[in-house]
Amino acid sequence: MLAMLSTRPAVRRCAGSSALVLALLGAGLPAAAADQPQPDLSRFYRQQPAWGACEGPDMPKDLQCAKVTVPLDYARPRAGTLDVALARYRATGTSRGSVLLNFGGPGGAGIPALASDGRQFMDLTNGYDVVTFDPRGVGRSSPVSCGEGSDAASTAAGKAADAGHPQALFKQLRQAADQCARYSGSVLPHIGTINASRDMDVIRQALGDDKLNYLGFSYGTRLGAVYAAQFPGKVGRVVLDGVDTLTESLAEQGMAGAEGQQTALDDFLDWCATDIGCPFGQDRRVAGDQVLRLVRSLDDNPVPTGLGGSLSGQDLVGAIGQGLYSKELWPTLQRALASLIEDGDARRVLAFSTGGVGLPRGRHRTDGGLVDTEDVPADNLAAALMAINCADDPDRPAAAQLTKDLKDLTAAYDRASPVFGRYRLTQLLMCYGRPVGTDFIRDRVKNVHSAKMLLVGTRGDPATPYRWTVETARRLGPSAVVLDSKGEGHTGYSSSTCVHGKINDFLLYGTLPASGSSCPADAPPAGVAPNSAD
């Protein structure tokens with residue numbers, strides 16, 4: 001992801017005993033490395049954020065922003081730094097410290113999410129400062145980009161895979177990887193959950209908390225689990241909602257994701273076909289075929305967006321996937337698709353998929369500082385998702401193995417979902433040409449000896465299947481407490497009144513439900529009919 005180096009001299013050391021310096025140094029050591037010689041990180045653990053008003057016209061007046069500085073490379077902390085953007089709502093009641101939020105992705109920027117959806121977390125301000133951050137490579141924190149034409153490269157790779165032309169495919173993939181590296185800069189080798197977790201420990205100390213209180217959604221559960229494995233003694237009240245897998249390969253994750261999204265799309269079309277405003281008509285038997293034809297048509301002839309770019313079929317698939325995360329989004333998704341089909345207007349669809357407002361660009365800051373909001377590249381969400389997932393996955397099949405497996409992979413993904421299969425397969429293939437990722441998550445995030453953590457799984461989650469919650473809990477060991485949400489939608493905090501209350505009770509009062517207890521499904525929102533299975 002986008003590199004922003006700093007060679008500024010180390011912060012002047014504060015007066016104090018050598019014991020304090022050693023304590024600060026030890027604070028930054030992951031548990032697995034504490035018995036090995038480590039570089040001095042104490043200057044990063046002495047920071048005090050300077051909070052002030054957040055910049056931007058859409059920022060709430062009571063939202064405050066700041067930054068912390070972290071090493072680009074924790075193994076060589078003097079080789080460069082980057083800044084991580086923070087935002088918070090202050091506690092309104094008696095504060096017991098901070099609770100840190102991560103909204104998932106990977107690649108999701110925390111600050112705009114908290115700015116737009118902060119109201120659902122206001123209960124937590126009764127006991128906490130509610131804090132979020134843009135992880136390294138995301139949002140204002142050295143955002144990565146794959147540059148102009150990156151969507152076209154992805155689409156071309158998908159077509160080459162469909163056509164069974166492996167050499168053309170590998171050429172496209174190598175070009176795409178090189179382009180992402182060129183646009184992202186020196187932070188790209190230091191992207192991923194392992195370093196983001198270490199950044200969170202710097203944030204914890206900067207906020208003045210002895211232990212990390214944390215609420216992570218979707219990918220944020222992977223981040224939280226890694227933190228617990230690296231810093232088990234620093235785990236406070238930690239909630240993982242919409243639990244990610246720690247063991248399945250990207251290939252297996254992609255298949256599960258395609259299946260879940262296809263099920264969610266089928267449910268959406270069942271609902272849509274009952275409405276006279278459905279852009280696919282009222283004949284449910286043909287609605288699915290119409291979606292697929294629309295995707296293929298846009299892959300062949302993308303629609304101009306009016307922003308100097310275009311909307312391809314795979315762009316549309318990504319946007320639909322975002323709109324299926326919650327039934328509350330269905331009416332908005334229907335209107336967006338109607339605008340696209342009936343008027344050729346892609347703006348509403350783009351609102352589901354873009355991760356920034358600026359155009360992809362070849363220049364980037366080199367001092368590690370935060371970028372302005374308007375300079376976050378439009379492809380940052382997609383570029384960061386790719387970079388982080390690839391950095392977290394140690395599997396890199398050689399070209400010969402991919403050539404052998406490509407036909408079977410394509411068929412398997414198409415069976416999982418005729419609409420989402422190619423999109424998910426292309427995400428998997430885009431790791432080709434990138435460095436091999438870490439095996440830490442798959443091999444070492446297990447049997448965590450920490451304080452109790454609450455893991456929430458939703459039975460009808462289209463992105464993180466419930467079985468991942470059970471498997472991850474089993475892997476983490478006795479520290480994991482499972483809450484079974486019987487509802488639908490991606491994550492439970494915003495879709496279940498019961499889950500919302502259980503999470504708040506744990507974070508605010510330390511009250512944990514019995515492991516294996518459940519929450520019933522809420523009634524469907526107004527305007528959205530329940531499924532027959534509800």
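How far apart are the end C-alpha atoms of helix α8?

1. **Ground rules.** This is a predicted model, in which local features need pLDDT of at least 70 and side-chain atom pairs count only at pLDDT 80 or more, while totals for chains, interfaces and linings use all residues. Residues are numbered from 1 along each chain as its sequence is written, and side-chain values use heavy atoms, leaving out hydrogens and water.

2. **Length of α8.** The end C-alpha atoms of α8 (residues 284-300) are 25 Å apart, which agrees with the 24 Å that its 17 residues should span at 1.5 Å a residue. That expected span is 1.5 Å times one less than the number of residues. Helices here are DSSP runs (H or I, at least four residues), numbered from the N terminus.

3. A287, V291, L294, V295, L298 and D299 are buried (under 20% relative accessible area, with exposed meaning over 50%; 1.4 Å probe, protein chains only). The face turned away from the buried side carries the exposed R285, R293 and D300.

4. **The start of α8.** D283 caps its N-terminal end, with a side-chain oxygen 3.1 Å from the backbone nitrogen of R285.

5. **Helix α9.** Now look at residues 313-323: α9 is mostly covered, with 10 of its 11 residues buried. Among them are L316, V317 and I320.

6. **Confidence.** The chain's mean pLDDT (the predictor's confidence in each residue, from 0 to 100) is 87, and 86% of its residues reach 70 or more. Over residues 1-26, however, pLDDT is below 50.

How values were computed
Helices (H or I, at least four residues) and strands (E, at least two) are DSSP runs, numbered from the N terminus. A polar contact is a pair of N or O atoms within 3.5 Å; within protein, one must be able to donate a hydrogen and the other to accept it, and residues adjacent in sequence count only if both atoms are side-chain atoms. Contact means heavy atoms within 4.5 Å.
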